Amino acid sequence: MVLATNSDSEEHLHSTFASRYVRAVVPRFTMPNNSMPKDAAYQVISDELMLDGNPRLNLASFVTTWMEPECDKLIQESVNKNYVDMDEYPVTTELQNRCVNMIANLFHAPMGEEEAAIGCGTVGSSEAIMLAGLAFKRKWQQRRRAQGLPTDNPNIVTGANVQVCWEKFARYFEVELKEVKLSEGYYVMDPAKAVDMVDENTICVAAILGSTLTGEFEDVKLLNDLLAEKNTETGWDVAIHVDAASGGFIAPFLYPDLEWDFRLPWVKSINVSGHKYGLVYAGVGWIVWRTKDDLPEELVFHINYLGADQPTFTLNFSKGSSQIIAQYYQFIRLGFEGYKNIMENCMDNARRLREGIEMTGKFDIVSKDIGVPLVAFSLKDSSKHTVFEIAESLRKFGWIIPAYTMPADAQHIAVLRVVIREDFSRGLADRLITHIIQVLKEIDGLPSRVAHLAAAAAVSGGEVKTAKMSLEDITKYWKRLVEHKRNIVC
């Protein structure tokens, strides 16, 4: 005879939502004392995650949000492989090496037909930039010590438009960050100004192929030529790192004649994000060096306690293998032709979106035709409403579009930016245009928040502020207000 018991297993006979687990407070600070059934644990977490934004509609991010089911299957099959166990997973290591070779060849590294490239996979471009910066710093220190000169004041020259990972590198590794300021209408680093800032303590100049703010490619060729002249005049050896996080998988396919990579002699290292236009889910970046001499051997560690000698030059140790395998899948699945077709589609959809935004007559386009497929645009008239209001209003349709101000000295310019990824179709572009037009009509019928905030700011400050000053205050206010509601620029 089967005896009925009142146990947790009995709850499996009932609806998940009828169980006690959906009535209990979700653990937030301490681990619960008791276990719960696997289906209940899944449902509790899944329900909370419903409140996240839709990744496909997150147009703030450059990061890939769609891959083919076959690649998803490969990722799932390899999710339990620790990449660092190279001796245990030699094929995975070989796939990483193949990816490095393919990327180095794509960037015209000076190597023989079957010569192995110098580089590695990373968690993302941030780690890749840290490794590149450390290599430049160590090379600079070696040169200075050989000359009997001090090594205590290294600096790096960048534009003010660099991603925050450069600021992290400078702070974490005690390197002064010398930024070329921007100006209205020119939102990338000026090569001439950058070279003027170079001195004997400069470890490298960082150029961006695909600015986070506007998608624009910086003029690496001009920077190379000007830097070559300065090095010749001074006897210095200041080189270039290209941060191609966003543009490294775009330029070779859309602008093959553009010289920005190892075709330029002073470019010594390049990073690129596999999880952006490399078309892999988040968690993979790449760093490649021009030659073996550009990566100081003292930065490479050799370990053997996992079964064999393993050289490693990454900042972290354990990491998953899935994204490395997914990158190799994309390379052999798509090939040059496939990547080219996808990037052309992205640019076509970016042009369609740009045309639709221009047709409203309300915006100035800030982004350029050549660069990363995105559209950055600012309001022609911000006297009544701001781009922050528009970004907030578009959230009701599900769109996640960042509004932000430019860096110094163009911080009075506020823009919206839409990143066009592989999975952003022409249909979505048309739908977004429709929603932007609808939002514009709605806010035009509302009282001016700008006027209200300007009046409040003037009264609270005890003085009458100029229109420009009030607009700057309002921009700062809206930026703070929506900061917690939007993704940061990435």
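Student: Which helix and which strand each supply at least two residues of the lining of the largest cavity?
Tutor: This is a predicted model. The lining includes Met347, Ala350, Arg351 and Arg354. It also includes Leu374 and Val375. The elements that each supply at least two lining residues are helix H9 (322–359) and strand E11 (374–379).

Student: Which element gives the largest share of that lining?
Tutor: Two elements each supply at least two residues, H9 and E11. The largest share is four residues. That share comes from H9.

Student: How many residues of the lining of the largest cavity are nonpolar, polar and charged?
Tutor: Arg351, Arg354, Lys368 and Asp369 are among the lining residues, and Asp, Lys and Arg count as charged. Ser367 also lines the cavity; Ser counts as polar. By class, the lining has four charged, one polar and six nonpolar residues.

Student: What is the volume of the largest cavity?
Tutor: The search covers the whole structure and finds four cavities of 30 Å³ or more. The largest cavity has a volume of about 90 Å³.

Student: What percentage of the residues of the protein count as buried?
Tutor: The protein has 13 helices and 13 strands. It has 490 residues. Buried means under 20% relative accessible area. The buried part is 49%.

Student: What share of the contacts with a separation of 6 or more comes from residues 24 or more positions apart?
Tutor: The count takes contacts in the protein with a separation of 6 or more. Residues 24 or more positions apart account for 71%.

Note on methods: Residues are numbered from 1 along each chain as its sequence is written. This is a predicted model: local features need pLDDT of at least 70, side-chain atom pairs count only at pLDDT 80 or more; totals for chains, interfaces and linings use all residues. Side-chain values use heavy atoms; hydrogens and water are left out. On a 1 Å grid over the protein atoms alone, a cavity is a set of points where a 1.4 Å probe fits but cannot get out, and a pocket is an open set with protein on both sides within 12 Å along at least five of seven lines; lining residues have an atom within 4 Å of a point. Grid points are joined across faces, edges and corners, and a volume is the space filled by probe spheres set on the points. Buried means under 20% relative accessible area, exposed over 50%, partly exposed in between (1.4 Å probe, protein chains only). Contact means heavy atoms within 4.5 Å.
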